[in-house]
Amino acid sequence: MSVTTAFDLRRHLRGGGHSAGVWAALAALILFGLLRYENFGGAYNISSFLNYNAMFIVISVGMCFVILTGGIDLSVGSVAAFTSVVAAYLSPWGIQIALPGAVMAGLAIGALNAFFVVAMRIPPFIATLATMLGAKGGALVISGAQTISIDWGSNFTKLGMGKAFDLLPWTAVITAIVVVGLWILLERTSLGRTVLAIGGGEDAAAMMGLNTRGAKAFVYMLSGGCAGLAGVFLASGFGAGQPLEGIGWELSAIASVVVGGTLLTGGLGSVGATVAGALLLGLVFNILNFENGRGVISLSAYWQMVIRGAFLLLVILLQSRLSRATQKELS
Amino acid sequence: MTDLIEMTGIGKKFAGVIALSDANLSIRPGEVHAIIGQNGAGKSTLIKVLTGVYRRDAGDVRMAGRDLSITSAREAQDAGIATIYQELSLVPLRSVTENVIMGYEPRTRLGLIDWKAAHDRTRQILTRFGVDIDVTRPLGEYSTAIQQLVAIARAVSLKAQLVIMDEATSSLDDQEIETLFSVVRGLKQDGVAVLYISHFLDELYRICDRVTVMRDGRTVATHDVADTTKLGLVTEMLGRDAGEIQAAGLTALSGGHSDPGPVLLQATGLRTRTGLRGVDLTIRKGEILGLGGLLGSGRTETARALFGLDPLVSGQITHHSGAALDNPATAITQRIGFLTEDRKVDGIIPHLSVRENITLAILPQLRKGGAIDRAREREIADHYIKALQIKTAGMEQPIRELSGGNQQKVLLARWLALEPEILILDEPTRGVDVGAKFEIQSIIRDQVAAGLSVLLISSEFEELVEGADRIVVLQDGRSVRELHNPGLTQDALIGVIAQHQNSEVAA
């Protein structure tokens, strides 16, 4: 390997063997779907798949940053539920107010997490567990435990229903922008490098004069903001603020991050592989739906969850096999 | 007498790369046997073959004349082989007793754990080591040295016939090392064999009976320690000519001839909550200032204070720029670098690449329009990999995969990339093999010749005495003497330290 290769594949799939499994599984599943189901590759399936999964991708990517520092954010599901209500209330003023407003609300809860974790030194698991409960309660309080319909006369409806250039759902376009932005942030800026360094050794990073406290505060705010955006997508997709949604989303997001090969202890992982992980978990549902549609088998949503769990385990096993193989090769 | 352990013709490959080839090792009952060799010579691979961590590709292992095939830690323990690793593999939150008996708990008639017998047995073994501690307290409350002795107690409790010690002394102070050695002698008297791996040749002469030298995956020779010389062993380890090494001196450093430049930094009366009680020193341009003293005398604490890591209670640090050095970021802005003692804890970022580790301290300088200037970054990494001859598969290789010596060179590169004015080096050659040590020392010497100022902390007195232009001797957090090169000898330095040790007792 030349030292000055401009494009080094191993570099771009950070962790090499760690994330190879998720890409392989994703490719295999897509191929399987394309060969088996006629409409799998159709415009309708692709756009509704992306529209539905956009919020999970956005949350997972935010979660990825938190986990890279060795932390965790359990509040994301509740925050999304909360901000979906906020977005619904703000929808009469249009998307230009509702979207930033809801994101700001998520950011604010993220800032609270950051304050607890960085300034008060409360372990992230506990701090975000507290804000998870708080945001959940907040969502129920401001909505009166009812779904809050969006203003159907405003342009807010376009987000969930309309398409950019008649091609892709707006949610997917926004998600793509966020993902690319965060990918650049992680891989190409000193803030991203600091995030990775914290996960590898917080003391060492601080010794080098890196702003570790700032970077840690940043990841919790980012995760909150991402969850806020997911809440906007949620409200737009269902036409209403959903105070009761979001249960278990934090675990799906953690699953996506982990399936993508990011270490739960931090320091190693990537935005791309996290997106792949989120797509993979979504795709399992999508394929099971197609299978149900063929009428040969009929699986309830509950069984689908079981299968998704089994699939997750399988991919993780594949990951650790592959990474062990690369480790051996290198040692 | 049959050998306790006999390994013959051991071969091991990893993914086609030869790690061991025709390696032989024989250990007699009740002897202390050392294995020495540079990093990568195959010492740990050989031990891991013996303890069943790796499966061998070729060769035989016999224990007391019988074929031995071990595939797990449990089987190794049952066969009577206990390993004390450099990083202790004990459970710090559980009690001392539990750590000693875990997996082999004495039972009462009802089949429950007999705690009284367990505590008694643990206490008995530790008392024999001269250690009197409360065995019911969590192990983590005790020092590394005690924990190491507990690990040995576990070995004794399991009636081990062979105790393997991997770099056992690397984190102990002199007194703790003494205790460890007396325990090793005790084991020997009981007929237990000890396999001893260490980078310190001095220790080998103090405690080992025989030594096996390894190089490039082979065992080069086995000697009675009494028949060897230090120089001879180094020659065998490196595969280099004795005369060549002798001409260069024991280290690649040579202090005492630079013209002292202007004062860059002056510290007076430093006191900290970490144990400094009055340290004065001055760092001039282009010199190596050594910090001498025993473990716990305040050397690392002085370095941390100068770098702005620990706040001062009183005293003053005056930097020629006028900047207040009260946090690492400011120190780094003033081009002060700090290569820390424990590269695993606060040095390397394991999952990041060699390139990223090299440029971590200079990220602010690499910013171009918000992002990192990758071309410049690669250029810098490439330059230092070549200049310091860092052995890596490429700059994108994760640093965790490099050998200890090369990791240390990467960390040195990190600080050199800052183009520092003052570089604090805390044990820069600890735990690296002899070859890398020479290289690191040469790099330091060249940088100082080019105008760098170095504050050098080293437990190896020869490094200090040969390297430093001046040595400030610390004692219990105070600077007590300043010695000047040329003309310094190790005996003189040790004399000063001992003298102040005595006067302390007298006073």
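Predicted model: local features only at pLDDT ≥ 70, side-chain atom pairs only at ≥ 80, totals over all residues.
Residues are numbered from 1 along each chain as its sequence is written, chains are lettered from A and ligands numbered from 1 in the order in which they are written, and side-chain values use heavy atoms, with hydrogens and water left out.

Start with the interface. Here 41 residues of chain B touch 35 residues of chain A, contact being heavy atoms within 4.5 Å. The size of an interface is often given as the accessible area lost when the parts come together. For chain B and chain A the buried area comes to about 3,000 Å², with 61% of it on carbon and sulfur atoms; this is the accessible area (1.4 Å probe) that two parts lose on being put together, summed over both.

Two salt bridges turn up across this interface, each a side-chain nitrogen of Lys or Arg within 4 Å of a carboxyl oxygen of Asp or Glu. One of the salt bridges joins Glu377(B) to Arg193(A), with the closest N and O atoms 2.6 Å apart. On the chain B side, the elements that give two or more residues include α11 (328-333), α13 (354-359), α14 (374-387) and α15 (404-416); helices (H or I, at least four residues) and strands (E, at least two) are DSSP runs, numbered from the N terminus. It is α14(B) that gives the most, with four residues. Sorted by class, the side of chain B that touches chain A holds 22 nonpolar, seven polar and twelve charged residues. Ala, Val, Leu, Ile, Met, Phe, Trp, Tyr, Cys and Pro count as nonpolar, Asp, Glu, Lys and Arg as charged, and the others, Gly among them, as polar.

Now for the rings. Over all chains there are ten aromatic pairs, meaning rings of Phe, Tyr and Trp (its six-membered ring) with centres within 6.5 Å; planes under 30 degrees apart count as stacked, over 60 as edge-to-face and the rest as tilted. Phe32(A) and Tyr37(A) pair edge-to-face, 6.3 Å centre to centre with 80 degrees between the planes. Phe32(A) is partly exposed at 40% relative accessibility, whereas Tyr37(A) is buried at 4% (buried means under 20% relative accessible area, exposed over 50%, partly exposed in between; 1.4 Å probe, protein chains only). Phe32(A) and Tyr37(A) also belong to one aromatic cluster with Phe40(A) and Phe290(A).
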